[in-house]
Amino acid sequence: ELGISHLLAISGLHIGIITFFLAFIFNLLGLHKTIVDLLCLILLLVYIYLIDFPASAVRAFIMTCFLTFSRIFKKAYDPKKALGASVFLMVLINPYRIFDMGLILSVFATLALIYKDKLVNIKADSYISKTFKLSLSINIFLLPC
């Protein structure tokens, strides 16, 4: 009822971990980087289909597509634009997604990751202070939800 089941659901972190391991395996096979990227996207799409397109995973997949294509076409990647475009595409396809708490939490958590340095002004030299800064910024951004 509170909408915090997102914490246990498939999220952008899971998509990132899966992408990392797929890329690692494909790189061990000696495949070209562009082929590795495209294979990862195809397998991610199949995975998201199998788990029934949760909003946070779709958002992460679309942002991963933007990152991959920016790397392939040697263009700059802007996470803020990628986040905005991914939410726009999701709402364009299904306007009711705007009420999906998984999407809302995912967007706010991603915004916290993007703006963590501006939001929390803590000198983060050690691993513990960086982790604290990241956790604090995410909690501040998720507070309104």
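**Cysteines, fold and nonpolar surface**

Modeller: A search of the whole structure turns up zero disulfides (cysteine sulfur atoms within 2.5 Å). This is a predicted model, in which local features need pLDDT of at least 70, side-chain atom pairs count only at pLDDT 80 or more, and totals for chains, interfaces and linings use all residues. Numbering starts from 1 along each chain as its sequence is written, and side-chain values use heavy atoms, without hydrogens or water.

C40 has 4% relative accessibility, so C40 counts as buried (under 20%; exposed is over 50%, partly exposed in between; 1.4 Å probe, protein chains only). C65 is at 16%, and therefore C65 is buried too.

Now the fold. From the N terminus the order reads α-α-α-α-α-α-α. The protein chain has 145 residues, and 31% of them count as buried. Take contacts (heavy atoms within 4.5 Å) between residues at least 6 apart in sequence: 58% of them join residues at least 24 apart.

Next, the surface. The protein chain exposes about 9600 Å² of accessible surface (Shrake-Rupley, 1.4 Å probe; for residues, only the protein chains shown count as cover). Carbon and sulfur atoms hold 72% of that surface.

Here is the part you asked about. A nonpolar patch of about 1000 Å² is built from L13, I17, F20, F21, F24, I25, L28, L29, L31 and I35. Helix α1, residues 12-28, gives the most to the nonpolar patch: seven residues. L28 sits in helix α1. L28 reaches 62% relative accessibility, which means L28 is exposed.

Last, the rings. Three aromatic pairs are counted (Phe, Tyr or Trp six-membered ring centres within 6.5 Å; stacked under 30 degrees, edge-to-face over 60, tilted for the rest). Y49 and F53 form an edge-to-face pair, with 6.1 Å centre to centre and 70 degrees between the planes. Y49 has a relative accessible area of 57%, so Y49 is exposed. F53 has 33%, so F53 is partly exposed.

Notes: Helix = DSSP H or I, 4+ residues; strand = E, 2+ residues; numbered from the N terminus. Patch = residues over 30% accessible without salt bridge, like charges linked within 9 Å, V, L, I, M, F, W, Y side chains within 5 Å. Salt bridge = Lys/Arg side-chain N within 4 Å of Asp/Glu carboxyl O.
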